[in-house]
Amino acid sequence: MWTYDKILLLRTLWSEGVSTAEIGRRIGVSKNAIVGKAHRLDLDARPSPIRRDHAPARIAPARPQPPRLAELAPLTSCTPEPPKQPAKPAAPPILARPNPPVRRAPAVIGNTSCCWPIGEPGTKRFRFCDDRALAGKPYCDEHTRLAYRPKSKREDQDQAAQ
């Protein structure tokens, strides 16, 4: 606990230039506690014990940043646009067990496309499903069933996997 006497001793030793480790030993607290308390008391900054020359820091030249993923593969298929031509169906995903027969729910009338990613982002083959998305969902019927599983089914599948 920081008492008035400890704070007064800290201020005195700090102004004399005593090291933080030595101040900590004299007061009976850690070096980090001294540094933190000095910061909270807004005591004058001290020169770095590592850099003794006090020369201005050399700033490394900025490295060119790699392109962002959004620049490589923009999410153009998630913007509402009229479909140009029906997309060819993608190869079905490889699953541990066969899927039940797909029953397509009626899609919402509009220009929203399924935003389910297919492939590895950043590659030329990366794309989105582009089937018609369900009302209020970002995915088509098939991908909505994959993304939004009821809790009981998730627990059953997790237990079966173990």
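1. In this predicted model, helices H1 and H2 pack against each other at an angle of about 150°, and their axes lie 10 Å apart. Since angles over 145 degrees count as roughly antiparallel, H1 and H2 are therefore described as roughly antiparallel to each other. The crossing of these two helices is right-handed.

2. On the H1 side, the residues that take part in this packing are Lys6, Leu9, Leu10, Leu13 and Trp14, and they meet Thr20, Ile23, Arg26 and Ile27 of H2. Leu13 deserves a separate look: leaving aside residues up to four places away in sequence, Leu13 touches Val18, Ile23 and Arg26.

3. The largest nonpolar core has 9 residues in all, namely Leu10, Leu13, Trp14, Val18, Ile23, Ile27, Ile34, Ala38 and Leu43. At least two residues of this core come from each of helix H1 (4-16), helix H2 (20-27) and helix H3 (31-40), and H1 gives the most, with 3 residues. As general background, nonpolar side chains in soluble globular proteins tend to be buried together.

4. A further point concerns Cys115, which is found in the loop between helix H4 (69-72) and strand E1 (117-118). Is Cys115 buried or exposed? Its relative accessible area is 18%, and because the cut-off for buried is under 20%, Cys115 is counted as buried. Cys115 and Arg132 are separated by 17 residues in sequence, while their C-alpha atoms are 9.5 Å apart in space.

How values were computed: Residues are numbered from 1 along each chain as its sequence is written. This is a predicted model: local features need pLDDT of at least 70, side-chain atom pairs count only at pLDDT 80 or more; totals for chains, interfaces and linings use all residues. Side-chain values use heavy atoms; hydrogens and water are left out. Helices (H or I, at least four residues) and strands (E, at least two) are DSSP runs, numbered from the N terminus. Buried means under 20% relative accessible area, exposed over 50%, partly exposed in between (1.4 Å probe, protein chains only). A nonpolar core is a set of buried Ala, Val, Leu, Ile, Met, Phe, Trp, Tyr and Cys residues joined through side-chain atoms within 4.5 Å. Contact means heavy atoms within 4.5 Å. Axes are lines fitted to C-alpha atoms, for helices over the stretch in contact, and angles run from 0 to 180 degrees between N-to-C directions. Angles under 35 degrees count as roughly parallel, over 145 as roughly antiparallel, 65 to 115 as roughly perpendicular and the rest as oblique. A crossing is left-handed if the near helix is turned anticlockwise from the far one by less than a right angle, and right-handed if clockwise.
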